[in-house]
Amino acid sequence: MAIWNSHFECMSREEIRHLQSERLRETVERVYFNVPYYRHKMQEAGLGPENINTIDDIVKLPFTNKSDFRDNYPFGLFALPMSEIIRVHASSGTTGKPTVVGYTRTDLSIWSEVVARTLTAAGAGNHDYIQVAYGYGLFTGGLGLHYGGEKIGASVIPVSGGNTSRQIQLMKDFGTTILACTPSYALYLAEALEESNIKREELKIKAGVFGAEPWTENMRREIEEKLAIKAIDIYGLSEIIGPGVASECEYQCGLHINEDHFFPEIIDPETGEVLPEGEIGELVFTTITKQGLPLLRYRTHDLSRLIREKCECGRTLVRMEKSLGRSDDMLIIRGVNLFPSQVETVLLEMKEINPHYLIIIDRVNNLDTIELQVEVDEDFFQDKISQLQSIKNRLANNLHNATGLGFKVTLVEPKTIARTEGKSKRVIDKRKY
Ligand code: DLL
């Protein structure tokens with residue numbers, strides 16, 4: 001199968017290390033001189049750009065965390081003035097403020113390049129019709145896939161998420177060959193197709209690029225059988241660039257990381273030490289070409305391991321194992337990231353309820369559902385039903401505004417949510433995949 005950029009995707013180990021060293025030096029200079037946050041962090045560690053010579057020196061550098069985005073909200077980590085930033089996206093933060101990312105024109109072209117590699121690895125080319133059913137907007141999924149699709153010359157169909165019957169109708173009418181959406185939505189679509197009056201034989205779809213949430217091999221098998229397509233895993237996160245950080249090739253044996261742009265490490269989430277080759281730990285990325293928002297050793301909290309064995313496809317880029325877990329409490333619901341602390345922040349702002357709550361997540365007909373059970377404050381519990389209904393609606397509305405998710409809110413009597421002595425259990429995730 002074709003490789004989009006065989007020069008960079010098939011380099012020898014020495015070549016890539018040489019390139020990474022050079023690019024790391026440039027990145028460290030860029031952040032040291034342009035981002036006060038990094039300059040202080042490096043000075044605190046007694047480091048200057050002169051201490052970073054090869055890629056092996058990366059371990060000397062400080063980590064970056066999601067909380068650093070919050071502390072520098074919204075644009076404080078950017079390395080260039082806003083006149084150079086031509087696009088902004090955002091993802092969930094752990095509390096009230098979202099994580100904001102910015103791109104220069106060069107960054108957008110790097111992003112299209114890495115997504116072009118991803119789509120090519122999934123078998124797409126300029127004869128394909130790519131239906132982008134990831135959300136467009138602040139989320140990086142829609143526009144990320146969109147520009148990558150245009151870059152390879154495919155016909156991009158920017159339908160965005162939702163409206164399943166229209167998705168299926170367009171798939172048929174436009175002859176969609178590649179579907180881009182979350183894996184759970186792909187399964188939902190597959191089942192909706194079975195129930196619709198359009199038959200699989202009337203569709204031309206051959207592959208899907210699915211990501212933005214964890215999905216198991218079982219789920220892959222189910223999607224591949226139900227839709228009769230090849231299901232390719234694509235991984236990324238807004239902070240690093242969006243989709244396009246890593247993706248599978250036709251061999252589906254780990255995701256090739258675009259390591260000429262994003263240098264990966266695996267660390268012990270407890271100690272921060274780099275783990276021996278092949279062990280499972282937390283993925284950390286350093287962006288080594290980004291201009292607008294270069295990040296040093298960004299802690300993703302995604303658990304994975306690196307695979308260095310040769311891949312049949314010919315790419316020499318290191319692979320990461322399909323990521324199935326996280327080292328923190330972030331949940332992904334219908335592709336939307338959610339931290340329980342975001343919910344807590346909303347609860348603390350409403351005096352009518354107490355922050356004793358339980359989040360219950362389930363998957364019904366392949367769609368994630370989220371319920372919040374929360375205690376009403378004693379003073380308000382005696383109120384009329386209509387008043388309770390209004391508290392419930394306001395809470396659901398506030399939660400939607402803060403997280404982008406529709407919650408089913410259930411108000412419960414004071415002191416009915418189980419109290420624990422140790423760590424309280426706030427989340428019950430009943431999803432099987
Ligand atoms: O989800 C970017 C993306 C869009 C990737 C479309 C793939 C396709 P964020 O909203 O910032 O960015 O969420 C990033 O989602 O740290 C992982 O926990 C999770 N994630 C993304 N892709 C995968 C995947 C986009 N293939 C967070 N497998 C990441 C497992 C994934 N988890």
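What follows is a short exchange on domains, their interface and the ligand site.

Reply: Go ahead, but keep in mind that this is a predicted model.

Me: What makes domain 1 and domain 2 separate parts of the chain?

Reply: The bounds come from an automatic or database domain assignment. Domain 1 covers 7–15 + 68–328, and domain 2 covers 336–429. Their centres, taken over C-alpha atoms, are 31 Å apart.

Me: How do you know that domain 1 and domain 2 are in contact?

Reply: Contact requires heavy atoms within 4.5 Å. By that test, 12 residues of domain 1 touch 10 residues of domain 2. About 1,000 Å² is buried between the two domains, with 51% from carbon and sulfur atoms. On the domain 1 side, Ser92, Thr94 and Tyr188 lose the most area, together 43% of what that side buries.

Me: Which kinds of polar link join domain 1 and domain 2?

Reply: Four residue pairs are in polar contact, both at pLDDT 80 or more. Salt bridges between the domains number zero. Helix 8 (residues 183–195) gives the most to the domain 1 side, with four residues. That side has three nonpolar, six polar and three charged residues.

Me: What about glutamate 213 and the ligand?

Reply: Here a backbone N or O atom lies 3.3 Å from a ligand nitrogen.

Definitions and conventions. Residues are numbered from 1 along each chain as its sequence is written. This is a predicted model: local features need pLDDT of at least 70, side-chain atom pairs count only at pLDDT 80 or more; totals for chains, interfaces and linings use all residues. Side-chain values use heavy atoms; hydrogens and water are left out. Buried area is the accessible area (1.4 Å probe) that two parts lose on being put together, summed over both. A salt bridge is a side-chain nitrogen of Lys or Arg within 4 Å of a carboxyl oxygen of Asp or Glu. A polar contact is a pair of N or O atoms within 3.5 Å; within protein, one must be able to donate a hydrogen and the other to accept it, and residues adjacent in sequence count only if both atoms are side-chain atoms. Helices (H or I, at least four residues) and strands (E, at least two) are DSSP runs, numbered from the N terminus. Ala, Val, Leu, Ile, Met, Phe, Trp, Tyr, Cys and Pro count as nonpolar, Asp, Glu, Lys and Arg as charged, and the others, Gly among them, as polar.
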